[in-house]
Amino acid sequence: MLEYVLRRLLYMLITLFAVASILFLLFRMLPGEATLQVISPAMDEAVQQRMKAAFGLDKPVWHQYLIYLKNLVSLEWGRSFVSAQEVTAIISYRFWNTLLLMASGLCMTLTLGIGFGIVMAWKRNSPLDVAGTVIGLIFQAAPPFITGLLLLMIMSYRLGLFPTGGMYPPGERPENLIGLLLMPAFWERIVLPTITVGMYYLATPMLVMRDSMLEVLGSDYIELARAKGLKPSTVMFRHAARNALLGVVTLASIMVGFAVGGQVVVESLFSWPGMGQLMVESAASHDYPVAQGTFLMLAILVIGLNFLTDFLYSYLDPRITVSSEGIK
Amino acid sequence: MAAKTRGNALVNIKRLLQEHYQIITSNRLSATGLLFIVIFMVVAIFAPWIAPNDPWEMMYDSSGEFASLRSPSWQFPLGTTHLGYDLFSQLILATRTTLLIGSVSGGISILIGANIGLISGYYGGKIDEVLMRFTDILYGMPFLPFIIVLISLFGRRLEFIILAIVLIIWRTSARVIRAQTISIKQRQFIAAAKARGCSDFRIIYRHILPNVLPLLLLYAAFNIAWSVITEASASFLGFGDGETISWGGMLYELWLSGKTRVAWWWFAAPSICIVLLVTSLVFVSRAYEEVANPRLRKR
């Protein structure tokens, strides 16, 4: 077990290192020279040279690369071209906002998905089952900005039930996380983005849960539980659902990777001050230090979550660790 | 001799097409999906002849008044934008862009993914290790941010959008096809082919490939659907090609104009098209899912 975890940890670090290196290559080597944003070609030649030296751009590429890696590790991620704020400071504020929204969205997806999945397998081939499949697939086919726009148009513009965006009313930034969570205005604002994210990912756990339930329901021990005369609901939820859950956990690792991406659209749509919105804004305004830092942070999130779900999976299903080559 | 083999190849292709047509049409949902896809394709091909107006022309109604933000009517079947552009014409031309991006990036990505999966799964060992670690690295990339960063660095042009999508989207198909290849590789007919002295190339493409084909087509449909969603999302966030119009781009214009409160028709048409196309692709792919995974058929 320990060996397996250590190996995964090593892979995780290698992946992170590779992602960081690709990022360095992208931002340094591409034709759309990033430095043009700061060092204008209109400047005096000598001034340009001096500025390049100040940024370390006169050094050979490999040296720049080493400096880059050192800065990454020591958390010196540079300053924004636009606001001159430290990139790490900007990101650390945004990080928790993203995590909050992601967590509430995934909670909704998993609760509804697993619940509906059980019921759909139970009432298999009923209108409920068909309706669940079709609705799930339609919401999965609709990119989140379409669902989000629809919700905005109906719930906010037409009915006026929810605010159109943001995380708290303008000018009322809470002191800390607890202050934020105690604000009713915050809860009003998290509803629509949560539904948007939740509905988008609903189909996956729902259909997987349904299928693995159907598989489990065919096995002998369910037959036995039924023969014992247990209530159908007890058989479904206590006996069958427990084993069927494993399939959903496997899926979770794929889902979290996508969830981080979906975040980008939803945050931009609902002006949620998270990393996804920051990513879009900084890329659009060519604020490269921020774009690079945000990308790296999102990658760390994806890689870390993948590691966590792998770990969780091997914990739930001990058979996995028997294979010396990790998960196949 | 050569003529005969060519004739055989044609018969084979015809039989293959018939077979796949049957797979898709045997299921009502996937048959409907196929119908919609064909309609979209026809619209995309003949777009310039179908669209009644220039998509970037300010329209005036029959009484000569500037047609800004008109709801659907006989003259403007899908209404107009705040600048008086005809949404029907925009939608028709956007169909072309969206289908082009979807099919080109979906097609290239499945080519890359399938080959990497086949080679990695067939050879195993060092080659497999290298290719799969590389795929793992791609899995560490957050999907949409990766595409946004690439587009913002390369430039907002159609070919760069396709490139960005292709570069990341093949990862899933590579993994899945590798797994399938490994399981097929262990069957007896592969050992028999090896014993007959078939080259690796022949074994991979003549013996293994036909067996992973349903799975490959399933993921081809997924990749196209994913490309469409991705292009729409990137366009909506302002990372689309400014020169050509796409469904996502139409919604971006709506969002930018701030007319979301009033112009429901501007929202409706492109949204319905995106959802319809992606759902159709998903339903068609479900027909292949049943072939690729026969256990599902019983249910």
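**A loop in chain A and what lies around it**

Modeller: Let's start at His286(A), which sits in the loop between helix 11 and helix 12 (288-316) of chain A. Keep in mind that this is a predicted model. The phi angle of His286(A) is near 55 degrees, which is a positive value in a residue other than glycine. Is His286(A) buried or partly exposed? His286(A) counts as partly exposed, because 16 other C-beta atoms lie within 10 Å, and being buried would take 20 or more.

Now look at the other end of helix 11. Ser271(A) belongs to the loop between helix 10 (232-269) and helix 11 (275-284) of chain A. Ser271(A) also has a positive phi without being a glycine, this time near 40 degrees. It has 14 C-beta neighbours inside 10 Å, so Ser271(A) is partly exposed.

Leaving out residues up to four places away in sequence, Met279(A) touches Val264(A), Ala291(A), Thr294(A), Phe295(A) and Leu298(A), plus Pro145(B) and Ile148(B) from chain B. Met279(A) is also one of the residues with the most contacts inside the largest nonpolar core, along with Ile147(B), Ile148(B), Ala221(B) and Ala225(B). That core has 156 residues. Its largest share, 19 residues, comes from helix 9 of chain B, and at least three residues come from each of domain 1 (2-73) and domain 2 (88-323) of chain A.

Let's step back to chain A for a moment. Chain A has 13 helices and zero strands, and 34% of its 328 residues count as buried. Its two domains touch each other: twelve residues of domain 1 are in contact with 13 residues of domain 2. On the domain 1 side of that meeting place, nine residues are nonpolar, two are polar and one is charged.

Next, cross over to chain B. In all, 33 residues of chain B are in contact with 39 residues of chain A. The elements of chain B giving two or more residues to this side are helix 5 (125-139), helix 6 (143-154), helix 9 (200-236) and helix 11 (264-292). Sorted by class, this side of chain B has 22 nonpolar, eight polar and three charged residues.

Helix 10 (residues 247-257) of chain B is worth a visit too. It is mostly covered, with eight of its eleven residues buried; among them are Trp247(B), Met250(B) and Tyr252(B). The cover over those buried residues includes helix 6 (144-158) of chain A, as well as helix 4, helix 9 and helix 11 of chain B.

Finally, follow helix 4 (residues 87-123) of chain B to Ser105(B). Ser105(B) has 26 other C-beta atoms within 10 Å, so it is buried. Not counting residues up to four places away in sequence, Ser105(B) touches Ile162(B), Ile165(B), Val166(B), Ile169(B) and Ser227(B). Ser105(B) and Asn223(B) sit 118 residues apart in sequence, yet their C-alpha atoms are 7.8 Å apart in space.

How values were computed
Residues are numbered from 1 along each chain as its sequence is written. Chains are lettered from A and ligands numbered from 1 in the order in which they are written. This is a predicted model: local features need pLDDT of at least 70, side-chain atom pairs count only at pLDDT 80 or more; totals for chains, interfaces and linings use all residues. Helices (H or I, at least four residues) and strands (E, at least two) are DSSP runs, numbered from the N terminus. A residue is buried if 20 or more other C-beta atoms lie within 10 Å of its own, exposed if 12 or fewer, and partly exposed in between; C-beta atoms are placed from the backbone. Two residues are in contact if their C-beta atoms, placed from the backbone, lie within 7 Å. Ala, Val, Leu, Ile, Met, Phe, Trp, Tyr, Cys and Pro count as nonpolar, Asp, Glu, Lys and Arg as charged, and the others, Gly among them, as polar. A nonpolar core is a set of buried Ala, Val, Leu, Ile, Met, Phe, Trp, Tyr and Cys residues joined through C-beta atoms within 7 Å. Domain bounds come from an automatic or database domain assignment.
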